[in-house]
Amino acid sequence: MRKTYSSLGAESLNLILIGFGNVGRALARILWEKIDRLRGLGLSINVTGIFKSNGGFVDSNGLMLGEILEKSEQHKSWVPGASPLSHIEELPCDVVVEMTPTNVRNGEPGVSFIRKALEEGKDVVTSNKGPLVVSMKSLLSLAERKGCFLLYEATVGAAIPIFTVAREFLRHDRIICVEGILNGTTNYILSRMSEDKVSFDDALREAQEMGYAEADPTYDVEGIDAACKLVILANGLMNMDKHLSDVEIEGISRVTPEMIELAEEDGYLVKHVAYLDGEKMEVAPRLVPKNSPLAVGGTFNVITLNTELSGPLTFIGKGAGPRETASAILADIITIAKKRGGIKSGEHVA
Amino acid sequence: MRFNLADEPGQLLKALQPIAEFGGNVREISHLREEKRGNMLPVAVTFDVKDLDHLFKIRDAVEASGIQVAGIEPLMELHRKVVIMVGHVFATNIKDTIDRVLERGVKVRRLVARIKSAEDVSTVKFVLEADSSETLESTLRVLKKVAGEKNLFIAWS
């Protein structure tokens with residue numbers, strides 16, 4: 001039997017946030033800014049714990065998010081060295097939001113946090129690809145055994161609601177193959193190379209200056225980030241049990257301006273395309289027709305689901321960014337509240 | 001399909017009727033007046049068919065209606081892929097790379113190269129054509145393998 005938040009409406013949905021980097025802070029800010037909008041939905045959210053690697057903000061009556069964002073570790077609720085592992089049991093908590101940095105080698109510390117939360121019977125929302133790339137199947141089956149939700153919309157394409165669409169609208173259909181551009185940084189680099197004829201190195205430097213690319217850009221430009229997302233898509237949309245090692249990966253660091261020029265002469269753009277079907281998973285630079293739905297520019301991501309009944313469905317959106325990612329997390333939280341009976345379904349706030 | 005028609009009214013319609021009856025979709029009709037011999041006017045009709053059997057069925061029907069079929073030239077719809085390689089494409093024996101494509105029955109239609117200097121990498125584009133997408137796909141797999149062996153960076157349409 002799944003639990004319900006029977007007391008919701010009058011009382012609150014209690015959250016614990018793990019990870020307080022760009023995404024965690026953006027989520028706290030949105031929860032703070034949108035408090036009235038959420039109340040209008042019948043959802044009163046209380047954050048009882050926010051944890052970083054060196055401690056946490058803890059208040060079982062609910063943290064003052066505005067103050068914490070301003071004062072950070074100077075805030076009176078700060079407990080140095082506090083660990084989420086012990087507080088998940090102790091604090092009032094319905095949903096654990098896991099937002100620690102991605103680690104594709106062993107998924108830690110995210111895997112341990114998610115596992116602990118599920119074992120304690122808490123619903124989990126995560127934006128962290130690492131735990132899913134490493135052990136998605138086992139985490140999902142643990143969630144199922146415990147009657148808990150484990151939602152991860154924010155892990156792929158940030159605010160693009162790809163898993164929600166599949167879960168809510170395509171249950172009757174079959175997804176045959178998926179293709180898309182899953183990394184905003186590489187798309188920005190290739191778009192700059194194409195539009196302004198800059199070299200790969202210059203475009204990368206620019207992406208770093210704009211804050212799109214990390215100081216160590218390997219993860220993005222060598223296609224590992226896109227491959228991780230492809231693994232999550234394979235497992236989440238097509239019920240597979242895939243890992244990073246199943247993906248054929250080719251990065252974009254060897255794309256030359258001449259390659260882009262020669263492609264354009266024949267009406268193509270060079271794009272870093274992720275592709276997945278029943279047999280093959282691949283991330284590689286491809287020549288995409290200029291009028292293709294995949295020919296999106298800038299930091300945009302695009303995902304096309306080719307389905308048996310609905311035909312091709314294409315989604316375009318900002319594939320990264322703290323607010324976009326936090327928005328997807330909040331959407332998952334609302335989904336859980338709704339499924340648990342905490343929000344009247346169909347309720348709309350203008 | 002080329003017909004030799006008597007140059008008088010109604011002959012073309014007679015030739016087209018069986019094509020329409022058997023579901024051939026006419027694309028183009030050319031009267032080849034400069035090749036007219038006596039009263040016989042050659043006419044070329046281009047139409048879509050499902051396959052060769054379909055084509056032969058239409059030819060038999062045309063001939064059965066008393067029209068002389070002078071020749072058939074099936075035009076296969078071609079499948080194309082644009083492939084671009086970056087690396088030491090020439091130093092790693094481009095002839096061998098292309099031979100391994102050609103031996104699979106795929107045509108290399110166009111080859112464009114951008115070369116800076118002998119030390120720099122070059123960028124080479126070629127357009128592949130084949131009469132089936134399967135042949136093209138299997139050729140691409142070979143090409144990816146060859147590119148891997150020769151440390152060439154490859155992207156395709």
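The model is predicted. Chain A has 350 residues, and chain B has 157. Chain A is as compact as a globular protein of its length. Chain B has a radius of gyration of 23 Å, whereas a compact globule of 157 residues would have one near 15 Å.

**Chain A overall**
- Chain A holds 13 helices and 13 strands.
- The C-alpha trace of chain A spans about 65 × 45 × 40 Å along its principal axes.
- Of the residues in chain A, 48% are buried.
- Take the contacts in chain A with a separation of 6 or more: 70% of them link residues 24 or more positions apart.

**Chain B overall**
- Chain B is built from four helices and eight strands.
- Read from the N terminus, the order of elements in chain B is β-α-β-β-α-β-β-α-β-β-α-β.
- The C-alpha trace of chain B spans about 70 × 30 × 20 Å along its principal axes.
- Buried residues make up 22% of chain B.
- Among contacts in chain B between residues at least 6 apart in sequence, those joining residues at least 24 apart make up 64%.

**Where the chains touch**
- On chain A, 12 residues are in contact with 12 residues of chain B.
- Three elements of chain A give two or more residues each to this side: helix H12 (257-265), strand S10 (268-276) and strand S11 (281-289).
- H12(A) supplies the largest share, four residues.
- By class, the chain A side has seven nonpolar residues, one polar and four charged.

**Nonpolar cores**
- In soluble globular proteins, nonpolar side chains tend to be buried together.
- The largest nonpolar core here has 128 residues.
- The members that touch the most others are A:Leu17, A:Leu27, A:Val97, A:Leu230 and B:Met85.
- Helix H11 (residues 224-238) of chain A gives the largest share of this core, 10 residues.
- Beyond its neighbours within four places in sequence, A:Val97 contacts A:Leu15, A:Leu17, A:Ile18, A:Leu27, A:Val125 and A:Ile329.
- A second, separate core has eight residues, among them B:Met1, B:Ala15, B:Val43 and B:Ile67.

**Helix packing: H5(A) and H6(A)**
- Helix H5 (residues 110-119) and helix H6 (residues 129-146) of chain A pack at about 5°, and their axes are 10 Å apart.
- Angles under 35 degrees count as roughly parallel, so H5(A) is roughly parallel to H6(A).
- From H5(A), the contact residues are A:Gly110, A:Val111, A:Ile114, A:Arg115, A:Leu118 and A:Glu119.
- H6(A) contributes residues including A:Pro131, A:Val134, A:Leu139, A:Leu142 and A:Lys146.
- The contact of H5(A) with H6(A) has eight nonpolar residues, three polar and three charged.

**A:Phe200**
- A:Phe200 sits in helix H9 (residues 200-209) of chain A.
- A:Phe200 counts as buried because it has 20 C-beta neighbours inside 10 Å.
- Not counting residues up to four places away in sequence, A:Phe200 touches A:Ile189, A:Met193, A:Ser253 and A:Val255.
- A:Phe200 and A:Leu190 are 10 residues apart in sequence, with their C-alpha atoms 7.8 Å apart.

**Backbone features to check**
- Most residues other than glycine have a negative phi, and most peptide bonds are trans.
- The peptide bond between A:Glu108 and A:Pro109 is cis, with omega about 5°.
- A:Pro109 lies in the loop between strand S5 (95-98) and H5 of chain A.
- A:Ser72 is not a glycine, yet its phi is positive, about 50°.
- A:Ser72 is in the loop between helix H3 (65-71) and strand S4 (78-80) of chain A.
- A:Ser72 is partly exposed because 13 other C-beta atoms lie within 10 Å.
- A:Ala158 also has a positive phi, near 45°.
- A:Ala158 is in the loop between strand S7 (150-151) and helix H7 (162-169) of chain A.
- A:Ala158 is buried, with 24 other C-beta atoms within 10 Å.

Terms used:
Residues numbered from 1 in each chain as written. Chains lettered and ligands numbered in written order. Predicted model: local features only at pLDDT ≥ 70, side-chain atom pairs only at ≥ 80, totals over all residues. Contact = placed C-beta atoms within 7 Å. Nonpolar A, V, L, I, M, F, W, Y, C, P; charged D, E, K, R; others polar. Core = buried A, V, L, I, M, F, W, Y, C linked by C-beta atoms within 7 Å. Buried ≥ 20, exposed ≤ 12 C-beta atoms within 10 Å, placed from the backbone. Rg over C-alpha atoms; globule rule 2.2 N^0.38 Å. Axes fitted to C-alpha atoms, helices over the stretch in contact; angles between N-to-C directions. Parallel < 35°, antiparallel > 145°, perpendicular 65-115°, else oblique.
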